[in-house]
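User: I would like to learn how to read a few features of a fold. Please take them one at a time, general idea before the case.

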Amino acid sequence: IWIDCDGWISGIGKYPRENSFVRTDSKNFLGASFTACLGCAELFRRAIGKESMREQEQWYSLFDFKNSVSKSELKNAQYINNWEFGHVHQPGCWAVGSSFDYLLALTDWSGSIDLVDYDYVGYSNCNRALSFTAYQAVKEVPKVEVCLDVLKINPKIQGHKFLCDY
């Protein structure tokens, strides 16, 4: 199995690849994140004996959610560096919200985000989100505090926590 990415586009394939991997200087890490997920999913399918990929290679675009057996058929829009996204109100810091914050912190974007959640990290959260740990579950740390700490990776993002119901 091989995996590859380029900006918004992720690829996965089996057998030797005919084209060589081309390194780009794109700061868009979203394709790489998705590509890692594709590779893990394929390995799990094989580990449990499920049917694996039918095509020799498959490409996916996170920009417009299309797929193709050829990377050149997909749109790979320009990634905006140093984007100011304004003020975001995020209701929920569960699996999707915390993953959003994790990825947002990796950008060079700036803005303000309000984190709204009343819940605390539990053991069941630890298998659904990169941000949550068993230690936080034992200590019953509020999810908004975990997400706020994650966002601090990017000093250009100002986070505000609201430990309450939306």
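User: Which residues of helix 1 are exposed, and which are buried?

Analyst: Start with the terms. Buried means under 20% relative accessible area, exposed over 50%, and partly exposed in between, with a 1.4 Å probe and protein chains only. Helices are DSSP runs of H or I with at least four residues, strands are runs of E with at least two, and both are numbered from the N terminus. This is a predicted model, where local features need pLDDT of at least 70, side-chain atom pairs count only at pLDDT 80 or more, and totals for chains, interfaces and linings use all residues. Residues are numbered from 1 along each chain as its sequence is written, and side-chain values use heavy atoms, with hydrogens and water left out. Now the case. Phe44 and Ala47 are exposed on the other side of helix 1. The buried residues are Gly31, Thr35, Leu38, Gly39 and Glu42. Seen down the helix axis, these buried residues fall within an arc of 95°, so they line one face of helix 1. The arc is that of the directions from the helix axis to the C-beta atoms.

User: What span does helix 1 reach?

Analyst: The expected span is 1.5 Å times one less than the number of residues. Helix 1 (residues 30-47) has 18 residues and reaches 26 Å from first to last C-alpha, close to the 26 Å expected.

User: Next, strands. Are the faces of strand 6 covered or open?

Analyst: In a regular strand, side chains alternate between the two faces of the sheet. In strand 6, Ser110, Ser112, Asp114 and Val116 lie on one side and Gly111, Ile113 and Leu115 on the other, and all are buried. Seven of the seven residues of strand 6 (residues 110-116) are buried, so the strand is largely enclosed by the rest of the structure.

User: Which strands pair with strand 6?

Analyst: Two strands pair if DSSP finds at least two bridges between them. Strand 5 (residues 84-91) is joined to strand 6 by six bridges, and the two run parallel. His89 stands opposite Asp114. From strand 5 the chain passes through helix 2 (residues 95-105) to strand 6, a right-handed β-α-β crossover. Right-handed means that, with the strands pointing away from the viewer, the path from the first strand over the helix to the second runs clockwise. Strand 7 (residues 157-162) is also parallel to strand 6, with six bridges. There, Asp114 has His160 as its bridge partner.

User: How many aromatic pairs are there?

Analyst: Rings of Phe, Tyr and Trp (its six-membered ring) pair if their centres lie within 6.5 Å; planes under 30 degrees apart count as stacked, over 60 as edge-to-face and the rest as tilted. The whole structure has six pairs. One of them is Trp83 with Phe85, tilted, at 6.2 Å centre to centre and 55° between the planes. Trp83 and Trp109 are edge-to-face, at 5.0 Å and 90°. That pair links distant parts of the chain, 26 residues apart. Tyr79, Trp83, Phe85 and Trp109 form one aromatic cluster. Trp109 is buried at 15%, while Trp83 is partly exposed at 39%.

User: Where is Asn82 found, and what is its phi?

Analyst: Most residues other than glycine have a negative phi. Asn82 has a positive phi of about 50°. Asn82 is in the loop between strand 4 (67-68) and strand 5, and at 52% it counts as exposed. Glu140 also has a positive phi, near 50°. Glu140 sits in the loop between helix 3 (134-139) and helix 4 (143-151).
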